[in-house]
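I opened the model and kept a notebook of what I looked up. The entries follow in the order in which I made them.

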Amino acid sequence: MPVTAKALARDERGTTLVELLVGMSMGMVVITGLTMVIVASLHASARITTRVEATQNGRVVLTKIIEELHSACVVPKIAPIQKESTGTSLRFVHAASGQGGAVSPTPVYTVISLSNGILTQSDYAATGGTAPNWTWAATPNTTRLMSKVVPLTANGPIFTYYSYLNGGLSLLSTSPSLSATDAAKTIEVKIELNVSPATTPVKDAGADTSIQDSAVLRLTPPSFNENATAPPCV
Amino acid sequence: MRNDPARNAAENQAGFVMIEVLVSALVVVIVAGAVLSLITATTRSAAQERLRATAYAAAQEDQARLRTMRLSSLSRLNPPQKTLVTLDGTEYTVESTGVFVNNSTGTDSSCTSEGSAADYVRIASKVTWQGSREPVVLRSIVSPSNGSLDPNHGTLLITATNSLGEPLSGVGISATGAGTFSGSTDSTGCANFSDLPAGNYTMTTSATGFVNADAQFSPWTTTVGAVAGSSTPVSVMYGLPGRVKATFKYRVGSSSEYRQASADSVVVYNALMTKGAESFGSPGGTRSTTVEAYPLFPFKEADTVYAGYCEANKAEGAARTTVIVPSNGMIETPEIQLPALNLNVTKSGSPASGARVTITDQNCKVGSTNVKRVYSTNSSGNPINPTTLIPEAGLPWGTYEVCASSGGRHKTETNISVKNLTSGTNLSIAIPTSGSGTSGECP
């Protein structure tokens with residue numbers, strides 16, 4: 001029988017409703033899966049971005065503090081760490097900014113303290129006196145270093161102080177604060193912080209990052225005699 | 001109706017939509033998979049970078065810790081001290097190393113910089129964590145200031161090499177004396193013990209399978225001295241023992257004929273042996289066509305090998321040979337020619353068969369007894385090996401006392417020099433049948 005126009009029209013009748021429904025639902029399944037994957041990866045990417053931001057912020061501040069501690073021996077044989085330093089408040093003398101390489105750098109009395117998650121630095125300029133009995137300005141120049149900072153452990157210290165004892169490091173007590181005797185023999189300061197990102201585009205408990213570093217306040221290795229003392233800035 | 005071609009064509013195309021959807025879904029899944037793996041890789045590398053940054057901080061902190069340590073403690077951080085640090089929930093392994101470094105070369109205070117004291121300590125902190133591809137390594141130096149090193153302490157630089165002067169790594173070292181130290185040689189064959197109390201030490205070194213110049217297996221003990229304020233180089237040389245298999249021949253009369261000879265012992269000598277020549281075999285015991293000398297130190301220079309047991313047997317000419325002992329191998333030497341003693345034993349004017357012949361080396365003793373070799377004679381009156389019955393004329397280079405006995409009578413000839421490689425030493429002994437002092441067999 002020859003192909004008629006009617007028969008041809010019947011051939012091009014298209015898809016049935018069932019076929020269309022099945023096709024669409026399969027497409028939906030695939031697209032849903034894909035969307036979930038993309039959303040998950042976006043979350044992961046955002047989490048990493050915030051962590052990187054937190055690390056960067058924290059690292060910059062930590063490096064600043066460490067560099068200041070490294071320029072703390074402004075005069076030989078002084079004790080740069082000052083009494084009344086605590087686990088959340090570091091008091092020390094260091095060379096004023098830009099004077100690290102000077103022959104007799106101008107000292108600055110600095111207090112770095114953590115309060116309500118905000119790390120601030122107060123610099124008291126030297127007004128006179130000679131080492132180690134300088135006199136300091138009454139009013140500090142205070143800057144906010146970083147916010148959203150917490151100790152590694154709840155109510156724990158962010159600053160820990162060490163002296164040299166019998167050939168090794170010995171932790172000094174900061175309860176209630178570093179005594180004048182202990183401050184005079186502090187040769188290492190360890191800083192440990194937990195920093196949260198300044199912005200939180202994604203709610204994520206793991207976005208904060210802990211950073212730490214230590215600064216040694218000794219210029220030479222200790223004596224071969226392990227019972228000898230190793231005071232700072234020697 | 002079923003044969004309507006147009007309708008059939010339409011029906012044939014009816015199932016295609018499903019297949020198209022399936023294929024396109026597959027394509028989408030493949031593309032999504034590729035994108036997903038890309039995202040995973042990026043995330044992973046970002047995570048690695050974060051771990052790296054933390055590891056770097058841990059390394060920096062370890063460097064600070066090392067800077068507060070005494071130099072003597074620092075220089076003992078070899079092999080490294082390992083500590084575990086947990087930061088942000090990840091466990092990091094920190095390896096702290098301290099090595100005395102020589103200023104002129106900038107390298108580890110190796111044993112090649114003999115006599116020059118170590119100048120400063122290089123401290124290194126290597127941090128690794130699970131899944132770390134490249135460890136984070138921070139290095140720095142600590143220079144000794146006045147008073148940081150004990151003026152009454154010194155340094156020992158121990159070099160272990162093989163006979164070719166190549167470094168031997170992993171040679172175990174331990175010592176007691178003015179202080180104690182232990183360790184092993186590194187890949188350059190060097191072990192550096194700094195800050196040791198000055199004085200003498202009894203050092204024990206060990207390397208499994210190796211021998212020293214005197215062919216003794218480990219452990220070896222030597223006395224070394226550390227001098228206050230300076231570095232003392234100590235060289236030790238060990239090698240895998242070699243083996244030499246010596247064979248022997250003697251010349252028949254002055255003819256061009258050589259016969260296989262037997263010997264019971266050989267001496268191997270090298271000028272570098274600290275305890276003199278070494279003897280192998282059983283002097284006066286079973287004679288054999290080959291004598292093996294083992295263990296021998298594989299000296300670079302050739303060893304001298306000759307038959308016998310004593311320095312007095314030190315032969316000349318073809319009676320000794322030189323061989324380069326292979327390391328951890330065996331060498332068969334060229335034959336050693338033994339000078340011949342052409343002995344003819346007679347009794348009552350005819351060859352004495354079955355006579356006892358003893359040939360005693362007058363200048364070679366084992367303990368307090370001179371080396372004595374025992375023979376029998378064949379029907380021609382010539383000495384033969386009592387066991388193998390093979391005629392034997394070759395003897396180690398030396399001066400001998402020769403005794404022949406038969407039927408309760410003996411005769412001894414002394415000061416028989418057996419040192420002629422060209423024609424041998426001819427000796428005839430006629431065993432007497434009577435006479436005072438002739439009774440009894442040879443000793």
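**Entry 1: a proline in a loop**

I began with Pro176(A), which I found in the loop between strand S8 (168–171) and helix H3 (180–184) of chain A. Helices (H or I, at least four residues) and strands (E, at least two) are DSSP runs, numbered from the N terminus. The peptide bond from Ser175(A) to Pro176(A) is cis, with omega near 0°. I noted that this is a predicted model, in which local features need pLDDT of at least 70 and side-chain atom pairs count only at pLDDT 80 or more, while totals for chains, interfaces and linings use all residues. Residues are numbered from 1 along each chain as its sequence is written, and chains are lettered from A and ligands numbered from 1 in the order in which they are written.

**Entry 2: other backbone exceptions**

I looked up the general rule: most residues other than glycine have a negative phi, and most peptide bonds are trans. A cis bond also runs from Tyr294(B) to Pro295(B), with omega near -5°. Pro295(B) lies in strand S16 (residues 290–296) of chain B.

Glu84(A) is not a glycine, yet its phi is positive, about 70°. I located Glu84(A) in the loop between helix H2 (17–70) and strand S1 (89–95) of chain A. Asn415(B) has a positive phi too, near 55°, and its place is in strand S27 of chain B.

Glu84(A) is partly exposed, because 14 other C-beta atoms lie within 10 Å. Asn415(B) is exposed, with 9 other C-beta atoms within 10 Å.

**Entry 3: Pro222(A)**

I went on to Pro222(A), in the segment after strand S10 (209–216) of chain A. Pro222(A) is buried, because 26 other C-beta atoms lie within 10 Å. Which residues does Pro222(A) touch? Two residues are in contact if their C-beta atoms, placed from the backbone, lie within 7 Å. Not counting residues up to four places away in sequence, Pro222(A) touches Tyr164(A), Ala228(A), Ala230(A), Arg70(B) and Ser148(B). Tyr164(A) is 58 residues from Pro222(A) in sequence, and their C-alpha atoms are 8.6 Å apart.

**Entry 4: where the chains meet**

The contact between the chains takes 39 residues from chain B and 39 residues from chain A. On the chain B side, helix H1 (5–12), helix H2 (16–67) and helix H3 (71–74) each supply at least two residues. The largest share of that side, 19 residues, comes from H2(B). I sorted the chain B side into 22 nonpolar, 8 polar and 9 charged residues. Here Ala, Val, Leu, Ile, Met, Phe, Trp, Tyr, Cys and Pro count as nonpolar, Asp, Glu, Lys and Arg as charged, and the others, Gly among them, as polar.

**Entry 5: chain B and its strand S5**

Chain B has 3 helices and 28 strands. Of its 443 residues, 38% count as buried.

I picked strand S5 (residues 153–161) of chain B, where 8 of the 9 residues are buried, so S5 is largely enclosed by the rest of the structure. Two strands pair if DSSP finds at least two bridges between them. S5(B) is joined to strand S8 (residues 190–197) of chain B by 6 bridges, and the two run antiparallel. Leu156(B) stands opposite Phe193(B) in S8(B). S5(B) is also joined to strand S11 (residues 231–237) of chain B, by 7 bridges, and this pair runs parallel. Thr155(B) has Ser231(B) as its bridge partner in S11(B).

Five strands of chain B form an open sheet in the order S25-S24-S23-S26-S27, with antiparallel pairing. Strand S25 (383–384) and strand S27 (409–418) stand at the edges with a single partner strand each, so one side of each is left without a neighbour in the sheet. Strand S23 (residues 356–366) and strand S26 (residues 398–406) pair over 6 bridges. Val357(B) stands opposite Ala404(B) in S26(B).

Key:
Buried ≥ 20, exposed ≤ 12 C-beta atoms within 10 Å, placed from the backbone.
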